[in-house]
Amino acid sequence: MKSLAKSAVASSLIGLSALLAAGTSLAQELKIGYVNSERVLREAAPAKAALARMEADFSKRDKDLNDQGAKLKAAADKLEKDAPTLPESERNRRQRELVEQDRDLQRKRREFQEDLNQRRNEETAGIVERANKVIKQIFETEKYDLILQDVVFAGPRVDITEKVIKALNAGGK
């Protein structure tokens, strides 16, 4: 009876080691790659160019809003300083004007932020589309079985982010 149990354990161990050996060789044949999307969007030349274009397009409007905000603050400070000597009707009129100007400024800032976010989303979508084409090209030419994005952990051996960035910088489609 004991020898039967020993042979069952021995054959189980042999079977388990055969499965592990087969699994190891299978894993070695599988070619996996990983792409860090955030790094691509931060370091690739097309992403940097898009950021520069956005800054150029939106910087004047941002400066105008900041200037308008500074003027509004200066007018509010002046009203606060002059308030004790002003007649009540003049003080009320200037306060109403400041409230209107502040509402206008807040509306313009919201519109600016919405326009900036929409443009950022459009630019990002274009870069992601180009990056996906590059990733697909790498997938096909280098015969990957699987390429992942947005993983928790990935070793440097499977990280192909640098290849993707270089291909995007070279104008790869």
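Helices here are DSSP runs of H or I with at least four residues, strands are runs of E with at least two, and both are numbered from the N terminus. Keep that in mind while you colour this predicted model by secondary structure.

**Stop 1: the whole chain**

Show the cartoon. Follow the chain along its sequence and the order reads α-β-α-α-α-β-α. Now colour by accessibility. Of the 173 residues in the protein, 23% are buried.

**Stop 2: a bridge between α3 and α4**

Select Asp57 and Arg119 and show their side chains. The two form a salt bridge, with 2.8 Å between the closest N and O atoms. Which parts of the protein does this pair tie together? Asp57 belongs to helix α3, residues 45–82, and Arg119 to helix α4, residues 88–141, so the contact joins parts that lie 62 residues apart in sequence.

Check the accessibility of each partner. Asp57 is partly exposed, at a relative accessible area of 45%. Arg119 is buried, at 17%. The cut-off explains that label: Arg119 counts as buried because its 17% falls under 20% relative accessible area.

**Stop 3: the other link from α3 to α4**

Select Asp82 and Arg94. Their side chains meet in a salt bridge, 3.6 Å from N to O. Asp82 sits in helix α3 and Arg94 in helix α4, twelve residues apart, and the pair links distant parts of the chain. Are these two residues buried or exposed? Both Asp82 and Arg94 are buried.

Over the protein, the salt bridge count comes to 21.

**Stop 4**

Select Lys73 and Asp77. Here the salt bridge has an N to O distance of 3.3 Å. How far apart are Asp77 and Lys73 in helix α3? They are four residues apart, which means about one helical turn separates them. Asp77 is partly exposed, with 41% relative accessibility. Lys73 is exposed, with a relative accessible area of 53%.

**Stop 5: the largest pocket**

Rolling a probe the size of a water molecule over the atoms shows where empty space is left. The largest pocket has a volume of about 180 Å³.

- Leu41, Arg42, Ala47, Lys48, Ala50 and Leu51 are among the lining residues.
- Met54, Arg120, Glu123, Thr124 and Ile127 also line the pocket.

Colour the lining by helix. At least two lining residues come from each of α2 (37–43), α3 and α4. Which helix gives the largest share of the lining? That helix is α3, with five residues. Next, colour by residue type. The lining divides into six nonpolar residues, one polar and four charged.

**Stop 6: a nonpolar patch**

Select Leu30, Ile32, Leu146 and Leu148. Together they form a nonpolar surface patch with about 290 Å² of accessible area. Zoom in on Leu30. This residue lies in the loop between α1 (2–29) and β1 (32–35). Leu30 counts as partly exposed, at 45% relative accessibility.

**Stop 7: two positive phi angles**

Select Lys143. Its phi is near 55°, a positive value in a residue other than glycine. Where is Lys143 placed? Look in the loop between α4 and β2 (146–149). Lys143 is exposed, with a relative accessible area of 63%.

Move on to Asp150. Phi of Asp150 is near 55°, again positive in a residue other than glycine. Asp150 is found in the loop between β2 and α5 (161–169). Asp150 is exposed, with a relative accessible area of 64%.

**Stop 8: Arg130 and Gly171**

Finish with a C-alpha distance. Select Arg130, which has its place in helix α4. Arg130 is partly exposed, with a relative accessible area of 27%. From C-alpha to C-alpha, Arg130 and Gly171 are 9.2 Å apart in space, while 41 residues apart in sequence.

Conventions
Residues numbered from 1 in each chain as written. Predicted model: local features only at pLDDT ≥ 70, side-chain atom pairs only at ≥ 80, totals over all residues. Heavy atoms only, no water. Salt bridge = Lys/Arg side-chain N within 4 Å of Asp/Glu carboxyl O. Buried < 20%, exposed > 50% of the residue type's maximum accessible area, 1.4 Å probe, protein only. Patch = residues over 30% accessible without salt bridge, like charges linked within 9 Å, V, L, I, M, F, W, Y side chains within 5 Å. Areas by Shrake-Rupley, 256 points an atom, 1.4 Å probe, with all protein chains shown as cover. 1 Å grid on protein atoms, 1.4 Å probe; cavity = no way out; pocket = protein on both sides within 12 Å on 5 of 7 lines; lining within 4 Å. Points joined across faces, edges and corners; volume = space filled by probe spheres on them. Nonpolar A, V, L, I, M, F, W, Y, C, P; charged D, E, K, R; others polar.
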